[in-house]
Amino acid sequence: MPLSDLAVDDQLRAAIDDAVASGWWSMGPRVAELEQRFAALCEVRHAIAVSSGTAALHLSLLAIGCGPGDEVILPSLTFVAAANMVLAVGATPVFCDVTGEHDLNLSIDDVRRRITPSSKALLLVHYGGHPCDMDGVMQLAAEHGLHVIEDAAHAPGARWKGRPCGGIGALGCFSFFSNKNLPVGEGGMVTTEDDELAERVRLGRSHGMTTLTWDRHRGHAAGYDVLAPGYNYRLDELRAAIGIVQLDRLLEANATRARHVEHYRKALAGIDGITVPFAPDGFDGPDGSGRDGCVPAHHLQVVLLPSGTDRDALRVRLTEAGVQTSVHYPPIHRFTAYRDLGAHDMPVTDAIADRLLTLPLYPHMTNEQVELVSSALARAMETLA
Ligand SMILES: *Cc1c(COP(=O)(O)O)cnc(C)c1O
């Protein structure tokens, strides 16, 4: 049982074959189509395809003018790419705590405590595809003039009170890495409603150049100017071809994930000491709805082990039982590169960090496999007790 797994079929092969046969492999019409469809998914005016989720974060931070002297508040319990990109633009990451055992998203009260005159942006993550409290986030951000960047790498197709995650803040950042809900291999997307931010992201994606090779190829442009130094963060046609097929399947795949999660919750309820975050009634219901208009994308099946469990030993037992597990995430403030940045007082994150365990979850797994993982976890815990 791998942590996540790709389904490969003829439709995907045919899409790649078509892209190869087209003879145009760099950014072109398939990228444009993927962008158009992704913008529709997120109900925004602009979706800009990029080479990775990390590139999306980098360009988003640059687009809001984030740089030296600025502070960016972000949870410590997220993937390190977010903090790395804050440092890459010369700004300072300020880590915040999560809400609690049952809500692993950022704590708005804790974010409020960390705001200073230098705070420029709030870079949130919809942890595991569970939407943050975007009402609270947007209100706090408006009060203090903070830009909101949504790291929606876990949350394509998720909704907060009817609105698509990644389409609520100033910018949304998505990843198409192989283990994400919309797997391409490598790739990403920036979403925004703001024309000016979109233009800055577009320029940054391709060397700061005013026109693309594709436009010149079609005779739409003769030359180009360079308006600002940029990068090569473009997506190519082969990846876009895969992305279009995966996008067609996204919402159904998310619904299937929700059914597996419901099954997990039942199977795990019988194991003493196991806590399943985001589970309580009225948070998001087992059918994936719950709070009115809130639909999680269910990127991860995370559980909290009882305090004091030897997680490493438990994971070895699970590996021996054929079950791959992971940890989302080792808190960023504990990494060598971040340890000495600030005081790091994060009681909730520190209390749960060593108890986190991620179980296998992907659309084409079966009910039997969910039960197999759950009973393997129960057995492993018994043998360790
Ligand atoms: C995967 C991921 C990223 C980075 O995306 P890449 O496409 O791998 O660069 C950023 N943030 C979160 C929360 C992620 O899960």
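Biologist: Is His260 buried or exposed?

Modeller: His260 has a relative accessibility of 5%, so His260 counts as buried. The structure is a predicted model, in which local features need pLDDT of at least 70 and side-chain atom pairs count only at pLDDT 80 or more, while totals for chains, interfaces and linings use all residues. Residues are numbered from 1 along each chain as its sequence is written, and side-chain values use heavy atoms, with hydrogens and water left out.

Biologist: Where is His260 found, and which residues does His260 touch?

Modeller: Helices are DSSP runs of H or I with at least four residues, strands are runs of E with at least two, and both are numbered from the N terminus. His260 belongs to helix α9, residues 237-269. Contact means heavy atoms within 4.5 Å. Leaving out residues up to four places away in sequence, His260 touches Leu361, Tyr362, Pro363, Met365, Asn367 and Val370.

Biologist: How confident is the prediction?

Modeller: The score is pLDDT, the predictor's confidence in each residue, from 0 to 100. The chain averages 94, and 96% of the residues score at least 70. Over residues 285-289 the pLDDT is below 50, and this stretch has 13 contacts in the model beyond near neighbours in sequence. Where pLDDT is low, the predicted coordinates should not be read in detail.

Biologist: In what order do the strands of the open sheet run?

Modeller: Two strands pair if DSSP finds at least two bridges between them. Here seven strands form an open sheet with mixed pairing, in the order β1-β11-β10-β7-β6-β2-β3. At the edges are β1 (46-50) and β3 (92-96), each of which pairs on one side only. For angles, axes are lines fitted to C-alpha atoms, for helices over the stretch in contact, and the values run from 0 to 180 degrees between N-to-C directions. Neighbouring strands of this sheet are turned against each other by 20° on average, direction ignored.

Biologist: Which helices pack on the sheet?

Modeller: Helix α2 (residues 29-42) touches β1, β10 (171-175) and β11 (188-192), and its direction makes about 130° with that of β1. Helix α7 (residues 195-205) also touches β1, β10 and β11, but its direction makes about 15° with that of β1.

Biologist: What does β2 look like within the sheet?

Modeller: β2 is mostly covered, with five of its five residues buried. Glu71, Ile73 and Pro75 point one way, and Val72 and Leu74 the other way. With β3, β2 pairs in the parallel sense over five bridges, and Val72 stands opposite Pro93 there. Another parallel pairing over five bridges joins β6 (residues 119-125) and β7 (residues 147-151), where Ala121 has His147 as its bridge partner.

Biologist: How many aromatic pairs are there?

Modeller: Rings of Phe, Tyr and Trp (its six-membered ring) pair if their centres lie within 6.5 Å; planes under 30 degrees apart are stacked, over 60 edge-to-face, and the rest tilted. The count comes to six aromatic pairs. Phe38 and Phe174 have ring centres 4.8 Å apart and planes at 75°, so they are edge-to-face. This pair links distant parts of the chain, with Phe38 in α2 and Phe174 in β10, 136 residues apart. Phe38 is buried at 0% and Phe174 at 1% relative accessible area. Phe95 and Tyr338 are also edge-to-face, because their centres are 5.8 Å apart and their planes at 75°. Phe95 lies in β3 and Tyr338 in the loop between α10 (311-320) and α11 (347-352), 243 residues apart.

Biologist: Which residues of α10 are buried?

Modeller: They are Arg311, Leu314 and Leu318. The face turned away carries the exposed residues Asp312, Thr319 and Glu320. The cover over the buried residues includes β13 (356-359) and α12 (367-384). Just after α10, Gly322 takes a positive phi of about 85°.

Definitions and conventions
Buried means under 20% relative accessible area, exposed over 50%, partly exposed in between (1.4 Å probe, protein chains only).
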